[in-house]
Amino acid sequence: MLKNIAEFSAQTESGELSSHQAVAVLDCMLEGLPKAGRILLVPPDITRCYSYGGVITSYLYHRLSREAKVRIMPAVGTHRAMSREEQIRFFGEDVPEEVFLYHDWRKDTVPVGTVPGAYCGQVSGGRYTSDIGAEVNRCVVDGSFDLILSIGQVVPHEVIGMSNYTKNILVGLGGRPMINGTHMLGALCNLETIMGNTDTPVRAVFDYGEEHFLRDVPLAYILTVASEQEGRTALHGIFTGASRQVYEHAAALAKRRCITQVERRAKKVVAYLEPEEFSTTWVGNKAIYRTRMMIEDGGELLVIAPGIKGFGENPEVDGLIRRYGYKGTPYTMELMENGAFPGSAMVPAHMIHSSSEGRFTITYAVNPEYVSQDEIGRIGYEFMDVKDALARYPVLEMEDGWQEMEDGEEIYVVKAPALGLWRVMGA
């Protein structure tokens, strides 16, 4: 870790930062970094399209590639590789395809250490007591790069509390043991007690990994706090450096800018998933995680998802979700105890997070040419044709928040669920 580098930031409590302000922070950071001939940029992928990560990556690539060999490896975790079309959309067509590297979480990692089960038990209150192995992409630790810049967005997160920082490396460029272990740890500790918090059991595991396994990695961070406004990214903060303090400052702003306190529970929430960003429920179920704390018992969450084409980001995960579905904690834990998920604990953890536990109905409005009513029903959700949903609830023409339909139905609209957390005041 580059512990001695200076920290630079800019933020606003209202409105947004300009591109000039963001560039000024980046330029100050670059001036304080050690000279490097081989640089790896680790941005988010297209599933974080409103992170401002694409803009930052493009700027850094063009600035640094004048004097250094620069490569870009998106922190995809278990997600599929980005297509060239997605690369162009997110980073710009003037970032050449040949500079992109793909992280394969099954084949490209090497072990770097183990988080002891005793420590996991300590931070989880005894809920999870197994060892968690840490693996990272081999190029992070084999000397391939003199400098690694991790770029990502801090936003409320269902597994870790507040996303990014060391998660971008230990999961985004990580391997099966850490991804499985931390997902299950978060599930057993209850996502509703984790989301939106800076210090959580999973964050403690990543802190352990940073202290013990990443100390010799030439690694620095660029963290953003951003939101979606009328189909574009609004940047509220940018924070750079290598210490945990950088994450803490970003998380503090994210709490103020990305958590919406609702005065009462909603009978019906209508959430919209941007089709270019969300093609699977593995990612799209953020609509469930981030709104569940404001939905009435017996209420409904309608997820309008025109881009959904499947359930998992890879065939292994997709097959397991299709086979077992999202049917609650007792059902899922029984399956796990019976050996249904060998080496794939992340999947039952995701299934637990993605169930309302029978408290409210979850309806997915999808294109039946991509996913059928039968397929949606088998995984445990209700089905609606996306054309009917958009005719009834034209969310792109509506404002976020409370809305009353012409027939008197009251709904709460969330147009970018992945960028925040909605919960009842005092919850």
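What radius of gyration would a compact globule of 427 residues have, and what does the protein have? The globule would have a radius of gyration near 22 Å, and the protein has 21 Å, which agrees. The radius is taken over C-alpha atoms, and the globule rule is 2.2 Å times the number of residues to the power 0.38. Along the principal axes, the C-alpha atoms fill a box of roughly 65 × 50 × 40 Å.

This is a predicted model: local features need pLDDT of at least 70, side-chain atom pairs count only at pLDDT 80 or more, and totals for chains, interfaces and linings use all residues. Residues are numbered from 1 along each chain as its sequence is written, and side-chain values use heavy atoms, with hydrogens and water left out.

Start with the overall build. The secondary structure comes to 17 helices and 18 strands. These are DSSP runs numbered from the N terminus: helices are H or I with at least four residues, strands are E with at least two. The protein is divided into domain 1 (6–257) and domain 2 (262–422), with bounds from an automatic or database domain assignment. Their C-alpha centres lie 25 Å apart.

Now look where the domains meet. In contact (heavy atoms within 4.5 Å) are 31 residues of domain 1 and 29 residues of domain 2. The two domains bury about 2,800 Å² between them, 59% of it on carbon and sulfur atoms. Buried area is the accessible area (1.4 Å probe) that two parts lose on being put together, summed over both.

Side chains of opposite charge can pair when their charged atoms come close. A salt bridge puts a side-chain nitrogen of Lys or Arg within 4 Å of a carboxyl oxygen of Asp or Glu. Between domain 1 and domain 2 the count is 6 salt bridges. Glu 192 forms a salt bridge with Arg 292, with the closest N and O atoms 2.9 Å apart. On the side of domain 1 that touches domain 2, the elements giving two or more residues are strand 7 (156–157), helix 7 (176–188), helix 8 (191–194) and strand 9 (219–229). Helix 7 gives the most to that side, with 8 residues.

The structure as a whole holds 24 salt bridges. Arg 38 forms a salt bridge with Asp 146, where the closest N and O atoms are 2.6 Å apart. That pair links distant parts of the chain, 108 residues apart: Arg 38 is in strand 2 (residues 38–42), Asp 146 in the loop between helix 5 (138–141) and strand 6 (147–153).

Finally, turn to Asn 367. Asn 367 lies in the loop between strand 14 (361–366) and helix 16 (373–378). Not counting residues up to four places away in sequence, Asn 367 touches Pro 306 and Val 386.
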